[in-house]
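Please go through the model below with the sequence at hand.

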Amino acid sequence: MEVITAKKTIKLVVNGKEHTLEVGTNETLVEVLRERLRLTGTKIGCNRGECGACTVLIDGDPILSCLTLAIECEGKEILTIEGLEDPETGELDPIQEAFVENFGIQCGFCTPGMVMSAKALLNKNPDPSEEEVKEGIQGNLCRCTGYKQIVESILVASEKMRRQ
């Protein structure tokens, strides 16, 4: 039996660009980002809000895009991992650089969500303690690193950002 869902035309601002899309009223933000806008950096892990792989920023706050309906995001600023690089130079965000330089990446699946959670944390607290970093990424699961390199990467990124 086919499920019929209502459609609605919405405008989403993603990584500074406005997109007008017709979406199902039951479509999640992660589905729209990946399938419609082809922004595949945001991962679908558990699809139940338990792993954090789908974390993006909405109006600066980290949210789980697998639990967020796309229609709820109209009029809000959405930032994905693809939006972190400098649009003019293509340079990575200092958080991304720190993850690469400090081996905060293993398989890479959790990395976009970790980086986006770190971005939200460092935007609000540019000089976090190790404990505050751990608290800031507590909704993100990693099966490869044991978190040590991730926490170190975020602390290094914090220092880099304060020097800039």
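Does Lys160 count as buried or exposed, and at what relative accessibility? The model in which this is asked is predicted, so to speak of local features a pLDDT of at least 70 is needed, side-chain atom pairs count only at pLDDT 80 or more, and totals for chains, interfaces and linings use all residues. Residues are numbered from 1 along each chain as its sequence is written, and side-chain values use heavy atoms, with hydrogens and water left out.Lys160 counts as buried, at 14% relative accessibility; buried means under 20% relative accessible area, exposed over 50%, and partly exposed in between, with a 1.4 Å probe and protein chains only. Lys160 is part of helix H5, where helices are DSSP runs of H or I with at least four residues, strands are runs of E with at least two, and both are numbered from the N terminus. Residues up to four places away in sequence aside, Lys160 touches Pro94, Glu97, Ala98 and Glu101, contact meaning heavy atoms within 4.5 Å.

Helix H5 spans residues 148–163 and packs against helix H3, residues 111–124, at an angle of about 40° with the axes 11 Å apart. Axes here are lines fitted to C-alpha atoms, for helices over the stretch in contact, and angles run from 0 to 180 degrees between N-to-C directions. H3 and H5 are therefore oblique to each other: angles under 35 degrees count as roughly parallel, over 145 as roughly antiparallel, 65 to 115 as roughly perpendicular, and the rest as oblique. The crossing of H3 past H5 is right-handed, that is, the near helix is turned clockwise from the far one by less than a right angle, anticlockwise being left-handed. From H3, the contact is made by Met114, Ala118, Lys119, Leu121 and Leu122, and from H5 by Ile150, Ile154, Ala157, Ser158 and Met161. These residues divide into eight nonpolar, one polar and one charged. In this division Ala, Val, Leu, Ile, Met, Phe, Trp, Tyr, Cys and Pro count as nonpolar, Asp, Glu, Lys and Arg as charged, and the others, Gly among them, as polar.

H3 also meets helix H2, residues 94–101; their axes come within 10 Å and cross at roughly 130°. That angle makes H2 oblique to H3, and the crossing is right-handed. On the H2 side the residues are Ile95, Gln96 and Phe99, which meet Thr111, Met114, Val115, Ala118, Lys119 and Leu122 in H3. By class, the contact of H2 with H3 holds six nonpolar residues, two polar and one charged.

Phe103 sits in the loop between H2 and H3. Its phi is near 60°, a positive value in a residue other than glycine. Phe103 is exposed, with a relative accessible area of 59%.

The strands come next. S1 (residues 7–14) and S2 (residues 17–24) pair in the antiparallel sense over eight bridges, pairing requiring at least two bridges found by DSSP. Asn15 is partly exposed, with a relative accessible area of 23%.

Glu18 is in strand S2 and is exposed, at a relative accessible area of 53%. Leaving aside neighbours within four places in sequence, Glu18 is in contact with Lys11, Leu12 and Val13. The C-alpha atoms of Glu18 and Glu132, which are 114 residues apart along the chain, are separated by 34 Å.
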